[in-house]
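Work through the exercises below with the model open beside you. Try each task before you read its solution.

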Amino acid sequence: MKMIDLISENENFTAVNIGRLDNLMDYSIIHLKSHKEVKGKVFLKDTTKSTGTEISFQILQPKAELGYFHTHIQNEETYIIIKGTGEFQVDDQCFPIAEGSVVRIAPGGKRSMRNSSGEPMVYMVVQSKAGSLSQYSMDDGERVDCEPIWK
């Protein structure tokens, strides 16, 4: 199993590199419930020391399904399709997805997906506690004076 490369870190950040997304099959996890190996998936929460989100990248092989439907207790998920095409189902609705599609699902939504193409599908999932984002974007940001080191 490939390990995530640490680029740099201090008390205010952690930077990692998972490599080229075409090489996601180098990663695998052991699914906590089924205890089966899942190839082509990498989680980033622990490695980046995140306290508010779980981000994962996964590759779904051509003509393959995720293999199960699932819900969450507290967390909503946002799926971002980076490469490929397929179908996504939430509850009793099925719709097409392709590169650039973004799908947000509430915790109780029954979800799964499939890759209907002849190419691998690459996607990212951002998971966070539903209703926890009280400030965001410009409301939560402040400009500060700082000289760039890269000059």
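**Before you start.** This is a predicted model, in which local features need pLDDT of at least 70, side-chain atom pairs count only at pLDDT 80 or more, and totals for chains, interfaces and linings use all residues. Residues are numbered from 1 along each chain as its sequence is written, and side-chain values use heavy atoms, with hydrogens and water left out.

**Exercise 1. Find what share of the contacts with a separation of 6 or more joins residues 24 or more positions apart.**

Step 1. Take the contacts in the protein chain with a separation of 6 or more; residues 24 or more positions apart account for 59% of them.

**Exercise 2. Describe the secondary structure of the protein chain.**

Step 1. Helices (H or I, at least four residues) and strands (E, at least two) are DSSP runs, numbered from the N terminus.
Step 2. The count gives two helices and twelve strands.
Step 3. Along the sequence the pattern reads β-β-β-β-β-α-β-β-β-β-β-β-β-α.

**Exercise 3. Locate the annotated domain and state its strand content.**

Step 1. An unreviewed UniProt entry places "domain: Cupin type-2" at residues 57-126. UniProt positions follow the numbering used here, feature names are shortened, and annotations may be inferred rather than shown by experiment.
Step 2. Over residues 57-126 the chain is 57% strand and 0% helix.
Step 3. The end C-alpha atoms of this stretch are 9 Å apart.

**Exercise 4. Classify Asp-92, His-35 and Lys-63 as buried or exposed.**

Step 1. Buried means under 20% relative accessible area, exposed over 50%, and partly exposed in between (1.4 Å probe, protein chains only).
Step 2. Asp-92 sits in the loop between strand S8 (85-90) and strand S9 (93-98). Its relative accessible area is 72%, so Asp-92 is exposed.
Step 3. His-35 lies in the loop between strand S3 (28-30) and strand S4 (37-39). At 60%, His-35 is exposed. Its phi is positive, about 60 degrees, although His-35 is not a glycine.
Step 4. Lys-63 belongs to the loop between strand S6 (54-60) and strand S7 (75-83). Its value is 60%, so Lys-63 is exposed. Phi of Lys-63 is also positive, near 60 degrees.

**Exercise 5. How many disulfides does the whole structure hold?**

Step 1. A disulfide is a covalent bond between the sulfur atoms of two cysteines. The test here is a pair of cysteine sulfur atoms within 2.5 Å.
Step 2. The search finds zero.
Step 3. Cys-94 is exposed at 51% relative accessibility, and Cys-146 is exposed at 66%.

Definitions and conventions. Contact = heavy atoms within 4.5 Å.
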